[in-house]
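Please find below a short note on the structure shown here. The points take up the sheet, then a pocket, then a single residue.

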Amino acid sequence: MIDKSGFEGIGGAEDQADGSATAPSMGANTAESPSISGGGLPVESPESAVGRLSAELDEARDRHLRLAAEYDNFRKRTARERAELSDKAQGSLAGKLLDALDDLDRLVAGGDKATDLAVFQQAVALIDRKLRKELEAAGLERVDPVGQPFDPAVAEAVHILPPPSPDRDHTVAATFQVGYRFKGGLIRPARVQVFSSEGHA
């Protein structure tokens, strides 16, 4: 028979040998690893924190001042460029009206001479067409709503008349002063006479 106690003794001896071999190595690793409890994150001193925060505040203040100065310069430059563009546009329009002004000058200069009325009226009509052509090309639009339904958004009723027929109620009977739009925006409403059976427009 085989004595199992002998094997158990050998196994115990092997276990002991393994335990004795393992235990020292674990102890050695533990000794070499850094201590978490004793070595935590470095703590900044109050004086150092105050100095660092003061420097960051000064830097942020300087950056804010630079940005404010840059924005102010940008605003001034944009306003200057806008004014220059407006002046150029107005100058361009004035240049297009010079021919009509020259015609007026010639008409006025010859006004003291004996001139046929028909010729004078024809000259005025030509100047009027020339002026209107240039102004309309620039975006000016005439508003004359005679015969149309009264629209208070583009016309101002200055006189009321009873309508000659029910279908003409609240329509424009006559225009006393034409209105004008410039590039779609109303710059002067038309002053009109309105048919109204209710006594108001």
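1. Two strands are said to pair if DSSP finds at least two bridges between them. The model under review is predicted, and the bridges discussed here are computed from it. In β6, A190 is the bridge partner of A155. Strand β2 and strand β6, the latter covering residues 190–195, run parallel and are joined by 6 bridges.

2. These strands belong to an open sheet of 3 strands, in the order β2-β6-β3 and with mixed pairing. At the edges lie β2 (155–161) and β3 (172–177), each of which pairs on one side only. From one strand to the next, the twist averages 30°. As background, strands of a sheet pair through backbone hydrogen bonds, which may be parallel or antiparallel in arrangement.

3. The largest pocket holds about 150 Å³ of space. Its lining consists of A89, Q90, S92, L93, K96, A138, F182 and K183. Which helix gives the most to this lining? That helix is α2 (residues 46–96), with 5 residues. Sorted by class, the lining has 4 nonpolar, 2 polar and 2 charged residues.

4. In the segment after β6 one finds S196. Is S196 buried or exposed? Its relative accessibility is 4%, and buried means under 20%, so S196 counts as buried. A polar atom of the S196 side chain lies 3.3 Å from the backbone nitrogen of E198.

Definitions and conventions: Residues numbered from 1 in each chain as written. Predicted model: local features only at pLDDT ≥ 70, side-chain atom pairs only at ≥ 80, totals over all residues. Heavy atoms only, no water. Helix = DSSP H or I, 4+ residues; strand = E, 2+ residues; numbered from the N terminus. Axes fitted to C-alpha atoms, helices over the stretch in contact; angles between N-to-C directions. 1 Å grid on protein atoms, 1.4 Å probe; cavity = no way out; pocket = protein on both sides within 12 Å on 5 of 7 lines; lining within 4 Å. Points joined across faces, edges and corners; volume = space filled by probe spheres on them. Nonpolar A, V, L, I, M, F, W, Y, C, P; charged D, E, K, R; others polar. Buried < 20%, exposed > 50% of the residue type's maximum accessible area, 1.4 Å probe, protein only. Polar contact = N/O pair within 3.5 Å; in protein donor to acceptor, adjacent residues only side chain to side chain.
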